[in-house]
Amino acid sequence: MKTPFADHAERLQAFESSFIYPVVSSEFCGGRSVVEVIGSLAENGAKVVQLREKHRSDRELFQLACDCRRLTCRYGMLLFIDDRLDIALACNADGVHLGQEDMPLATARKIAPELIIGASTHNAAEVIAAQKEQCSYLNIGPIFPTQTKSVSCGSLGTELFNELKNLVNVPFSVMGGIKEHHIPQLTAMGAGHIAMVTEVIAKPELCRLRREDFTAD
């Protein structure tokens, strides 16, 4: 399964051109398969998708990742795997998204220099460290209360997000409890990539939205 993107530069360029960033987990797919949901997102214009599966065996996750890789190649989409650099490399994904308890980002960068490596961040220290360790992009969140991921820090709120974004000099996404009506506010505050789980799975047409559809106040 050959990725449509030749190297890190091409992948990063594709990521920077994206806006809505769907994160897909089977537990939130409402009985549909992950592949079916990703196909619907792709048909509605998604340029990137993250596969997040916390409760599958390695074999099951690898097979699902391969199925997703075949589909995303067909649509020219970026595929990122949550947490698992080994699975990302094995299925020839375009990137991996790492949390604070996962493999150190700097180590992942040495192992996979051509992959997009994203990092979850929740405070100023983590934002600074992720950039020092050469993340390709970072995620700030959760912005609002969310049921899709448990984090000890709680929701950050827009005021703290506004402070953290000023420390960022790489592409970044925001995530956590984001609904369609939040998008204009977050975009006006400088969010370049809107990562969503349940909202975008339920409304794949959101993938048609572009940054240009919103104007800053």
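Biologist: Why does Arg 69 count as buried?

Modeller: Arg 69 has 0% relative accessibility, and buried means under 20% relative accessible area, exposed over 50% and partly exposed in between, with a 1.4 Å probe and protein chains only. So 0% puts Arg 69 in the buried class. Mind you, this is a predicted model, where local features need pLDDT of at least 70, side-chain atom pairs count only at pLDDT 80 or more, and totals for chains, interfaces and linings use all residues. Residues are numbered from 1 along each chain as its sequence is written, and side-chain values use heavy atoms, with hydrogens and water left out.

Biologist: What makes Arg 69 and Asp 94 a salt bridge?

Modeller: Their closest N and O atoms are 2.9 Å apart. A salt bridge is a side-chain nitrogen of Lys or Arg within 4 Å of a carboxyl oxygen of Asp or Glu, so this pair qualifies. Arg 69 sits in helix α3 and Asp 94 in the loop between α4 and β4, so the contact ties together parts 25 residues apart in sequence. Helices (H or I, at least four residues) and strands (E, at least two) are DSSP runs, numbered from the N terminus.

Biologist: And is Asp 94 buried or exposed?

Modeller: Buried, because its relative accessibility is 0%. Shared partners also join Arg 11, Arg 69 and Asp 94 into one salt-bridge network.

Biologist: Why is Asp 83 called partly exposed?

Modeller: Its relative accessible area is 21%, so Asp 83 falls in the in-between class. Asp 83 meets the side chain of Lys 54 in a salt bridge, 2.6 Å from N to O. Lys 54, at 42% relative accessibility, is partly exposed too.

Biologist: How do you know that β4 and β5 pair?

Modeller: Two strands pair if DSSP finds at least two bridges between them. Strand β4 (residues 95-98) and β5 have four bridges, in the parallel sense, so they pass. Gly 95 stands opposite Ile 116 in β5, for instance.

Biologist: What makes the crossover from β4 to β5 right-handed?

Modeller: The chain goes from β4 through helix α5 (residues 105-111) to β5. Right-handed means that, with the strands pointing away from the viewer, the path from the first strand over the helix to the second runs clockwise. The crossover is right-handed, so that path runs clockwise here.

Biologist: How many residues of β5 are buried?

Modeller: Six of its six, over residues 116-121. Ile 116, Gly 118 and Ser 120 point one way, while Ile 117, Ala 119 and Thr 121 point the other.
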